[in-house]
Amino acid sequence: MDSALVLGAGGITGIAWQLGLITGLRAAGADLTGADLFVGTSAGSVTGTLLAAGVDPVDAQRLEARLGESDPPIRPDWARGSEAFAILNDEGREPASIRAAVGELALAAEVIDEEPYVAALARRLPVHEWPAHPLKIAAVRAETGEPVTWDHTSEVPLDRAVAASCAVPCIFPPVTIGGSRYVDGGVRSGTNADLATGAARIVVLAPLAPVRMRGAPASEIDALRRGSKVALVGPDEEALDALGPNVFDTSRWEPAIEAAVRQGHREAARIKAIWES
């Protein structure tokens, strides 16, 4: 495998930033859309699915970001969510313990019902079957904290795989697949970049890298660099301003795209040097 594009977690604004960045990079001569492998976590599972299916990033920017009348309202369980956030940022706990504890909170959380959530997300995806192009989607089994990775061989419906990977604990419900329930792949890592191990050239687009401890774990990136050429990109200062503090703020969709396109132009020479080496 020659090249991999890793697309990290980051909510609705993270999808916008990734699509804008990829558009700006391509316009400036660094085209990542031909990656041999796409790895998606949470928001990145949406972006990765679109790219793996051959949807042009400019067309993908027309994705319906805002809630419609038929969509269920977002009703977070703030009490359990705050507890989950604290656990995720507890550097003294073992990763397996963190995942299990957050999964338990997610299962107990009082949020919207599962099927309307899955349907609302699926309605926004223009593709509903696994693309032929290699795509890996990361999630975590809520009952045990076990990390999972799905691809076209997993016999898991694509819509449910993406919905599970995007199921932020205590904001969205865990998603049932094969009798088990799954939550956001970001519970393990904001990028799950190690799933690209073996690629000679890897670009990691991590919307949360500048603002979350687990947004792009250094251990993952450092390990990849031992055997691969790796570039990590997070939002720059202008993009961070456009994204705002709330990753689910749909009013930031267009500003995030526009700022990311400009960032793509600024980053193009660095990324091209890795991608075409």
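Helices (H or I, at least four residues) and strands (E, at least two) are DSSP runs numbered from the N terminus.

**Basis.** I am reading a predicted model, in which local features need pLDDT of at least 70 and side-chain atom pairs count only at pLDDT 80 or more, while totals for chains, interfaces and linings use all residues. Residues are numbered from 1 along each chain as its sequence is written, and side-chain values use heavy atoms, with hydrogens and water left out.

**Leu 205.** I listed its contacts (heavy atoms within 4.5 Å), leaving aside neighbours within four places in sequence, and found Leu 5, Val 6, Leu 7, Gly 8, Trp 17, Gln 18, Leu 21, Ile 22 and Val 233.

**H1 and H2.** I then turned to helix H1 (residues 11-27) and helix H2 (residues 43-52), which pack at an angle of about 40° with their axes 8 Å apart; axes are lines fitted to C-alpha atoms, for helices over the stretch in contact, and angles run from 0 to 180 degrees between N-to-C directions. On the H1 side the contact is made by Gly 11, Ile 15, Gln 18, Leu 19 and Ile 22, and on the H2 side by Ala 43, Gly 44, Val 46, Thr 47 and Leu 51.

In helix H8 (residues 218-225) I found Glu 220, Ile 221 and Leu 224 buried; they cover an arc of only 95° around the axis, which puts them on the same side of H8, the arc being that of the directions from the helix axis to the C-beta atoms. These buried residues pack against strands S7 (201-205) and S8 (229-233). In helix H4 (residues 78-88) the buried residues are Ala 84, Ile 87 and Leu 88, and they pack against helix H5 (95-108), whereas the face of H4 turned away from its buried side carries the exposed Trp 78 and Ala 79.

**Positive phi.** I noted Glu 155, not a glycine, with a positive phi of about 60°, and this residue is exposed at 76% relative accessible area. Asn 192 has phi near 50° and is buried at 2%.

How values were computed:
Buried means under 20% relative accessible area, exposed over 50%, partly exposed in between (1.4 Å probe, protein chains only).
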